[in-house]
Amino acid sequence: MPSIYNIGPAPKPPGGSGGVGYSIRGNAYASVGAGGGGPDSPTIATGGGTGRPVTILNYVKVILEGTAGSLRRTEFQVTAYSSGAFEGLLSQFKVGTNCTVTMGRNGPGAGGGESYETTIYKHAFTSSKDGKWALTVTGVGKGMEILRKSAFGLPKGKTGDFFRLGKLWNMFPWQEKIPVTGLIDYMMWENLKHMTSTNPLTLSGESGKGIPGKFIDIIAPSSTSDGTAPESGIGPKGRLIYFTFGYLMGFVNADLEIPIDFENKDAKVDMNAGGKLLLISGDPLNILLPRSDGQSDYAVGGGPQTLSDLIKNLLGKPTSIFTKDADCNHMSGEDAPIKDILISYSALKTIETNLSTNSSTDSSEDPSGTTMNLEGFFSALFSIISEATGTWCDLALLEDPDHTGGGAAKLKIINRKLKNGEGEAEVYDDISGEGGVRESSITGDVPSAWQQEAFAKGSVANDTAIEKFSWSGWTKDKDALAKAGFDSAQAAGIKDACRKAINSLSKTEAASKTDRAYPIGLTLKVNGVGGIKFGQSLEITSLRSTRWAEKTMFTVTRVEHTVSGQDWTSDITTVARLKP
């Protein structure tokens, strides 16, 4: 379960009359429109006829599942009574055609309806001796297909600007020009226009300067050969450039029709992961987490350390004489924005190189340079950030769970370790059926700690003992990392220590910072209800007389709507979650 949203209570299904909760049937409708035919001008609808020669819509089904309801599927079946009518259906519902499915109720107490736009991708049909033709059509929502395009390289309208090793190289026109051949080098070119280093021979200008919210520029430590790809001649040699996550996303979004939302409330990180652990980067040559008051994400020897001191540790003396306080935004508190995470040029360039699908050898013929697959790019980037933070900043890209209706949903970046809060829950009456619940079942294995907390009001901290983390070892690892010039061996050690520190937090403390979902599922079949979606919460009446009622709510993870025979039902799948 990537993330458990608490986006409000699930809407209650409409109850029946006369004490029979599911008596509200017989007034449901459904319609299907092809090629732009929406609810007002459907191609076919229920109630259109009962036999020859009228084509009949037998049933309509809509399924919302996947990460945050990001996969939308529709299915419907139509019966035709002549080959001509059947051919007409095939011509209207072609594979690749946009299709709008609508369902709802007529009459009082009907509640909201549902309308979904999908793209048809499959046909299945049968015929019978008496001349009936049954066509079953399946469609899929637009979802996240944009990520599968090898979609972005240079920003739109940019066609291979040239730059050299540094500012003063402009004085020497005989020097080789280097074409910008991809997004990451273009960002470097933008950076070079603002660099404070003025001597490309000694590279001893001010270090640690930049533009807050965009990038910082520091001299690379002598112990690393990373820097800014010196073997290619792109950018100044022996320097480390860090771009902010937000600056990077600005370039990514400039090339997308629907921008990715990365500044929402679910894209935060708690800088105090728990106990004595102040979140740090376990790989400072690739990722930095700039803390408040100018402090770096390191504290060598147990004391505070400013970013300029971190740079001095990277450089060694006497080069640190040229170092200024780093010019950047800071991250602090329980909901620090991920947009201020600093990601090195070398890390981004490595990702781009590994994902390149088109390396231009002649920029005059093809100045677009490298292009990257968005899905692979974000997967690699999120993996680096997750590793560096001991999985505490565990980012994921998904569709907006609040999206309804047709078209592509907006994509959101979330932190899967974010605490979402208690939220609210609606109570579903699964005993009398008066509230529209037809069937319910709960299955799964109850973990021992969950039983303690839910039944005996015990603490999850009493679960299986956790190996104590050695904080003295943690400090020693950080000291060794700085003294060794942040080489790869020490970085691997600190990343492992960071993960161990987070995993050793008491479960009570961890529970106060992250939502806990358990492999206990509640499934319900209810009268058709509009507006229910991933992340909404509900409780059930049958648990109210147990200790579970105090601690348990269920979060919606899948919804399946079906209209058949003028009866609309909704099948809801949930996962259990303990209240804070």
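## A buried threonine in a loop

Leaving aside residues up to four places away in sequence, Thr514 touches Trp392, Lys417, Leu418 and Lys419. In this predicted model, Thr514 is placed in the loop that runs between helix H10 (507–511) and strand S23 (517–527). The relative accessibility of Thr514 is 14%, and because buried means under 20%, Thr514 counts as buried.

## The chain as a whole

The protein chain contains eleven helices and 26 strands, and buried residues make up 50% of its 580 residues. Among the contacts in the chain with a separation of 6 or more, 70% are between residues 24 or more positions apart. The accessible surface of the chain comes to about 24,500 Å², and carbon and sulfur atoms account for 50% of this surface.

## Two helices side by side

Helix H3 (residues 245–254) and helix H6 (residues 374–388) have axes that come within 14 Å and cross at roughly 175°. Angles over 145 degrees count as roughly antiparallel, and H3 and H6 are therefore roughly antiparallel to each other.

Where these helices meet, H3 contributes Phe245, Leu248, Met249 and Val252, while H6 contributes Leu374, Phe377, Phe378, Leu381, Phe382 and Ile385. The residues of this contact between H3 and H6 divide into ten nonpolar, no polar and no charged.

## Salt bridges across the sequence

The structure holds 17 salt bridges, and one of them pairs Glu65 with Arg558, whose closest N and O atoms are 2.8 Å apart. This pair links distant parts of the chain, since Glu65 belongs to strand S3 (residues 56–65) and Arg558 to strand S25 (residues 552–564), 493 residues apart. Glu65 counts as buried at 16% relative accessibility, whereas Arg558, at 23%, counts as partly exposed. Glu65 and Arg558 are also linked with Lys61, Arg73 and Glu560 in a network of salt bridges.

A salt bridge also joins Asp185 to Lys349, with the closest N and O atoms 3.0 Å apart. Here, too, the pair links distant parts of the chain, with Asp185 in helix H2 (residues 183–192) and Lys349 in helix H5 (residues 345–355), 164 residues apart. Asp185 is buried, with a relative accessible area of 0%, and Lys349 counts as buried at 15% relative accessibility.

Glu387 forms a salt bridge with Arg499, and their closest N and O atoms are 2.8 Å apart. Because Glu387 lies in helix H6 and Arg499 in helix H9 (residues 488–503), the pair ties together parts that are 112 residues apart in sequence. Glu387 counts as partly exposed at 34% relative accessibility, and Arg499 is partly exposed with a relative accessible area of 21%.

Notes:
Residues numbered from 1 in each chain as written. Predicted model: local features only at pLDDT ≥ 70, side-chain atom pairs only at ≥ 80, totals over all residues. Heavy atoms only, no water. Axes fitted to C-alpha atoms, helices over the stretch in contact; angles between N-to-C directions. Helix = DSSP H or I, 4+ residues; strand = E, 2+ residues; numbered from the N terminus. Parallel < 35°, antiparallel > 145°, perpendicular 65-115°, else oblique. Contact = heavy atoms within 4.5 Å. Nonpolar A, V, L, I, M, F, W, Y, C, P; charged D, E, K, R; others polar. Buried < 20%, exposed > 50% of the residue type's maximum accessible area, 1.4 Å probe, protein only. Areas by Shrake-Rupley, 256 points an atom, 1.4 Å probe, with all protein chains shown as cover. Salt bridge = Lys/Arg side-chain N within 4 Å of Asp/Glu carboxyl O.
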